[in-house]
Amino acid sequence: MASGKKFKVINPLLTLLLLGIAWELVIRVSNIPNYVLPPPSAILAAFGSYPWYLTYNLAETLTSALIGLAIAAAFSLTLSIPLAYSEAVRESVYPLITGFNAIPRAALVPLLALWFGLGAAPRVLTAFLIAFFPILVPTLTAMITMEKELWEMLQSFGASKGQILIKVAVPRAMPYFLSSLHMGLTSAFVGSVIAEMVASDRGLGYVILSSTSRLDTPLAFACLILLALTTFLISKVLSLVERRVVGWAYRVNI
Amino acid sequence: MEPAIRLCGITVRYGNGDGGLVAVADVDLDVMPGEVVSIVGKSGCGKTTLLKVIAGLVKPVRGELVLNGHKANTPHRGVGMLFQSPLLLPWRTVIKNILLPIEVLNGDVRSYLSRAYELIEKVGLKGFENSYPWELSGGMQQRVALCRALIHKPSTLLLDEPFSALDAITREEMWGLLQEIIEYERCTTVLVTHDVREAVLLSDRVVVISGRPGRVRSEVRVDFRRPRGLDIQYTKEFNDYVAMIKSLIGD
């Protein structure tokens with residue numbers, strides 16, 4: 001279809017609009033109070049009442065989540081190289097990482113706050129701690145699952161293990177690494193918001209907590225929508241980066 | 001004259017103990033410089049294992065590999081290998097794929113550029129230097145892989161069923177091309193194949209391996225002058241060779 005691309009954008013927006021109208025009608029007909037479930041009109045009104053307050057707190061959350069994500073990405077990529085290089089290193093370190101991943105990271109926030117205070121550090125750290133695992137696992141797996149024939153071909157002209165890793169395994173893992181950033185991104189936001197709820201006086205997590213305690217539910221919903229919208233947009237940007245950097249991996253369905 | 005490749009009582013075992021499998025047993029084989037030798041046999045007879053022994057990729061439990069008079073048992077830069085699948089790296093262009101061995105061998109990539117272009121022209125891919133592998137057909141990809149196998153001027157070319165994934169027409173084209181390349185590069189060649197016609201057409205000598213464990217059953221010398229035209233396939237002598245080798249494999 002010639003106008004297929006246009007509909008790709010319009011159709012979901014239309015669906016959203018219809019859902020919003022249905023939501024508004026249900027609330028109005030059933031008389032559910034705003035502090036239990038606010039209608040879209042009340043949420044929009046909240047955006048109008050607190051534009052700067054929301055912007056400021058979104059910036060706080062966004063900054064800590066993105067810094068946490070960046071550290072997680074750098075850490076995972078760096079760590080996956082020695083892990084892929086040596087089975088001995090992998091066997092001694094990987095179980096510990098998996099074990100650490102089994103700790104609910106939200107439970108660490110009070111400790112992080114105890115050590116680093118109520119500033120940005122615990123939020124960034126929580127984002128990092130939640131985000132690194134979903135990035136590390138696919139990246140490492142891609143590095144260590146090279147086809148045997150490819151490995152032998154490289155060895156046949158005398159490539160060392162390190163060279164095979166740098167010249168082939170790492171570039172080969174890049175599409176997996178970049179797509180895992182999507183998972184990391186949502187995880188990092190979860191981390192930041194949790195830390196803001198537990199130990200902070202700013203950020204959208206803090207706003208959600210304080211607004212619900214005042215029964216200002218429309219404001220909490222405004223925060224949720226902002227979070228969803230932000231993550232969605234960053235995810236789109238990541239996809240564009242992926243297509244540019246590792247377009248070769250998407251050659252089948254470009 | 002000293003053989004380019006000498007296998008002496010080579011025995012290869014995969015796995016240990018009772019679960020282990022003797023893949024090849026007591027194989028002796030000499031390949032003279034510039035000779036083209038094919039190894040044929042049923043699938044699973046250990047012919048690929050023999051090729052990997054020559055490449056230094058598989059260590060024999062017994063026996064010796066001697067290359068140009070020197071003992072060898074680890075991967076060495078004297079060989080170029082071509083596999084059934086081209087194994088090109090999709091993020092590298094044709095020219096960069098071909099130069100990969102030079103990069104890895106810490107060679108001066110620049111000084112090999114002219115050789116890379118020369119090989120590309122030789123295999124008929126001029127103009128595709130900066131294409132990506134996925135933009136090429138299967139036969140073209142295999143030509144690129146052939147250039148990569150040859151870029152570092154190996155004295156020995158090892159081919160592991162290199163054309164079996166190609167269609168019949170492309171395969172015949174590759175037979176012609178390979179003969180030109182072997183003639184031009186003057187390399188000793190060992191070809192593993194299950195296609196007897198391919199073996200007879202391309203080689204000076206066909207070695208028949210019997211399976212489990214792989215042993216040399218017999219050798220057939222093919223007395224046609226190289227390079228050979230594809231028409232030779234329709235002569236009586238050619239088909240006699242094919243029939244004889246097939247019966248040796250089948251026994």
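A residue is called buried when its relative accessible area is under 20%, exposed when it is over 50%, and partly exposed in between, using a 1.4 Å probe and protein chains only. The structure is a predicted model, in which local features need pLDDT of at least 70, side-chain atom pairs count only at pLDDT 80 or more, and totals for chains, interfaces and linings use all residues. Residues are numbered from 1 along each chain as its sequence is written, chains are lettered from A and ligands numbered from 1 in the order in which they are written, and side-chain values use heavy atoms, with hydrogens and water left out.

Helices (H or I, at least four residues) and strands (E, at least two) are DSSP runs, numbered from the N terminus. In chain A, helix α2 covers residues 40–49, and its buried residues are Pro40(A), Ala42(A), Ile43(A) and Ala46(A). Viewed down the axis of α2(A), these buried residues fall within an arc of 165 degrees, so they line one face of the helix; the arc is that of the directions from the helix axis to the C-beta atoms. Leu44(A), Gly48(A) and Ser49(A), on the other side of α2(A), are exposed. An α-helix has 3.6 residues a turn, so residues three or four places apart point the same way.

## Two further residues of chain A

Thr139(A) belongs to helix α6 of chain A, which comprises residues 120–144. With a relative accessibility of 0%, Thr139(A) counts as buried. Contact means heavy atoms within 4.5 Å. Leaving aside residues up to four places away in sequence, Thr139(A) touches Leu77(A), Ser80(A), Ala173(A), Phe177(A) and Ser180(A).

Ile21(A) is located in helix α1 (residues 4–30) of chain A. Its relative accessibility is 44%, so Ile21(A) counts as partly exposed. Ile21(A) and Ser41(A) are separated by 20 residues in sequence and by 9.6 Å in space, C-alpha to C-alpha.

## Chain B as a whole

Chain B contains eight helices and 10 strands. For its 251 residues, a compact globule would have a radius of gyration near 18 Å, and the value of 18 Å for chain B agrees. This radius is taken over C-alpha atoms, and the globule rule is 2.2 Å times the number of residues to the power 0.38. The C-alpha trace of chain B spans about 50 × 45 × 40 Å along its principal axes.

Of the 251 residues of chain B, 56% count as buried. Among contacts in chain B with a separation of 6 or more, 70% involve residues 24 or more positions apart.

## The sheet of chain B

Two strands pair if DSSP finds at least two bridges between them. Chain B has an open sheet of six strands with mixed pairing, in the order β6-β7-β8-β3-β9-β10. At its edges stand β6(B) (79–82) and β10(B) (215–221), each with a single partner strand, so one side of each is left without a neighbour in the sheet.

Val79(B) has Thr156(B) in β7(B) as its bridge partner. β9(B) and β10(B) form a hairpin with four residues between them, and Arg212(B) in the turn has a positive phi of about 50 degrees.
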